[in-house]
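Student: I have not seen this structure before. Please take me through it one question at a time.

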Amino acid sequence: MVHDEQLETTRVRGTTDAPWRIGTRGSLLALTQAGHVRDALIANGQQAELVIVKTAGDQSMDPVQKIGVGVFTAALRDELAAGTVDIAVHSYKDLPTAQDERFTIAAIPPRQDPRDALVARDGMVLGELPPGSRIGTSAPRRSAQLKALGLGVEIVPLRGNLDTRLSKVAKGELDAVVVARAGLARIDRLDAVTEALEPVQMLPAPSQGALAVECRSVDTELVTILSALDDAGSRAAITAERALLAELEAGCTAPIGALAEVVESLDDDGRVVEELSLRGCAAAIDGSDVIRASAVGSLEHAEELGRALARELLELGARDLLSVTEEDPSSGVTDTGEHTETSSNPSPMENNR
């Protein structure tokens with residue numbers, strides 16, 4: 001009689017008997033995102049199923065400084081390394097900028113709209129909120145850029161999943177919240193958006209709106225299968241934004257925004273070509289100063305473009321801003337949706353947007 005272990009080794013992954021196991025957090029947003037990847041694999045003739053992985057961050061409402069960095073991705077990667085799942089689906093900005101050679105980002109599917117979204121009472125847009133209005137967001141990037149607009153609003157620390165955040169407005173506890181538009185789009189709640197914030201008002205977090213479909217580097221066949229889900233334009237944009245972030249060596253509370261977009265332009269012979277337009281900013285946490293810069297380059301040199309723009313921001317004084325952006329951890333100004341870490345340790349990012 002064949003033992004279960006022997007039977008398992010004879011099964012071909014991606015079939016009905018042995019579907020690819022996709023690791024995901026259990027929130028509605030995470031399940032929806034992973035479900036899109038599962039459905040895309042099935043459409044390509046590969047069988048796949050979701051496996052829920054619990055993380056410490058999902059079970060705690062404590063500030064990130066207390067529960068530690070990496071709680072939203074480490075558990076998924078542990079399961080991936082152990083072989084209990086074959087694929088992990090992350091919100092890309094949950095991942096550290098440092099490469100982990102054990103894993104490969106085999107696919108970056110087409111990116112959702114990366115802008116931040118305002119959900120305000122009475123259908124108001126940002127400019128209509130009266131001074132003193134309470135806006136919920138604990139993300140240093142969002143907080144700093146909101147303050148820099150000089151609207152006289154009060155920033156209120158906020159954690160929890162999307163439904164929890166939206167309910168704060170519905171119940172009248174807050175006048176508005178700012179969340180990632182992509183998260184609302186993925187759970188079909190764009191009806192709640194009263195304004196999509198343009199990048200000139202608020203640059204999004206690097207890689208906001210993008211998914212990272214990750215597998216073990218040694219699983220070369222799976223890397224090839226997943227690569228069919230990759231979008232070249234999204235990959236170039238994410239590469240540039242994360243290169244900028246890595247070059248800045250931003251700490252986990254540093255307010256850094258970045259957005260790369262594929263644009264059309266004319267070459268010297270008058271032919272239409274695609275280029276990568278990148279904008280970046282660094283802000284003082286109190287909103288007293290925002291340093292911005294932009295650059296254009298080729299999609300093939302996205303990483304170099306990001307690093308070059310980061311160096312320009314540093315030359316303009318970004319390093320001085322970053323050195324004074326830390327706030328008292330007891331203030332509660334922390335958000336699992338915005339922090340990025342350049343060390344080899346995973347860092348907390350967006351918690352259910």
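Student: Is serine 207 buried or exposed?

Tutor: This is a predicted model, so the answer rests on computed values. Serine 207 has a relative accessible area of 1%. The cut-off for burial is under 20%, so serine 207 counts as buried.

Student: Where is serine 207 found?

Tutor: The place is given by the two strands on either side. Strand 9 covers 195–196, and strand 10 covers 211–216. Serine 207 is in the loop between strand 9 and strand 10.

Student: What is the phi of serine 207?

Tutor: Most residues other than glycine have a negative phi. Serine 207 is a residue other than glycine, yet its phi is positive. The value is near 70 degrees.

Student: Is aspartate 122 buried or exposed?

Tutor: Aspartate 122 also has a positive phi, near 55 degrees. It lies in the loop between strand 5 (116–120) and strand 6 (134–136). Its relative accessibility is 66%, and the cut-off is over 50%, so aspartate 122 counts as exposed.

Student: Which residue just after helix 4 takes a positive phi?

Tutor: Helix 4 consists of residues 74–82. The residue just after this helix has a phi of about 85 degrees. That residue is glycine 83.

Student: Which residues of helix 4 are buried, and which strands are included in what covers them?

Tutor: The buried residues of helix 4 are Ala75, Leu76, Arg77 and Leu80. An α-helix has 3.6 residues a turn, so residues three or four places apart point the same way. What covers the buried residues of helix 4 includes strand 1, strand 3, strand 4 and strand 10.

Student: How far apart in space are valine 53 and isoleucine 22?

Tutor: Valine 53 lies in the loop between strand 2 (48–52) and helix 3 (64–67). It counts as buried, because its relative accessibility is 7%. Valine 53 and isoleucine 22 are 31 residues apart in sequence. From C-alpha to C-alpha, the distance between them is 9.8 Å.

Student: At what angle do helix 9 and helix 10 pack?

Tutor: Two packed helices are described by the angle between their axes and the distance between the axes. For helix 9 and helix 10, the axes are 7 Å apart, and the crossing is right-handed. The angle is about 35 degrees.

Student: How many nonpolar residues does the contact of helix 9 with helix 10 have?

Tutor: On the helix 9 side, the residues that meet helix 10 include Ala236, Ala240 and Leu244. Those they meet in helix 10 include Gly306, Leu309 and Leu313. By class, the contact has 2 polar and 4 charged residues, and the nonpolar ones number 11.

Student: Which element supplies the largest share of the lining of the largest pocket?

Tutor: The largest pocket has a volume of about 390 Å³. Of its 21 lining residues, the closest to the centre are Tyr92, Thr97, Gln99, Thr239 and Arg242. Strand 4 (103–107), helix 9 (232–248) and helix 10 (302–315) each supply at least two residues of the lining. The largest share, 6 residues, comes from helix 9.

Student: How many residues of that lining are charged?

Tutor: The lining of the largest pocket divides by class into nonpolar, polar and charged residues. There are 10 nonpolar and 4 polar residues. The charged residues number 7.

Student: What percentage of the residues of the chain count as buried?

Tutor: The chain has 353 residues, and its secondary structure comes to 11 helices and 13 strands. The share of residues that count as buried is 54%.

Key:
Residues are numbered from 1 along each chain as its sequence is written. This is a predicted model: local features need pLDDT of at least 70, side-chain atom pairs count only at pLDDT 80 or more; totals for chains, interfaces and linings use all residues. Side-chain values use heavy atoms; hydrogens and water are left out. On a 1 Å grid over the protein atoms alone, a cavity is a set of points where a 1.4 Å probe fits but cannot get out, and a pocket is an open set with protein on both sides within 12 Å along at least five of seven lines; lining residues have an atom within 4 Å of a point. Grid points are joined across faces, edges and corners, and a volume is the space filled by probe spheres set on the points. Helices (H or I, at least four residues) and strands (E, at least two) are DSSP runs, numbered from the N terminus. Ala, Val, Leu, Ile, Met, Phe, Trp, Tyr, Cys and Pro count as nonpolar, Asp, Glu, Lys and Arg as charged, and the others, Gly among them, as polar. Buried means under 20% relative accessible area, exposed over 50%, partly exposed in between (1.4 Å probe, protein chains only). Axes are lines fitted to C-alpha atoms, for helices over the stretch in contact, and angles run from 0 to 180 degrees between N-to-C directions. A crossing is left-handed if the near helix is turned anticlockwise from the far one by less than a right angle, and right-handed if clockwise. Contact means heavy atoms within 4.5 Å.
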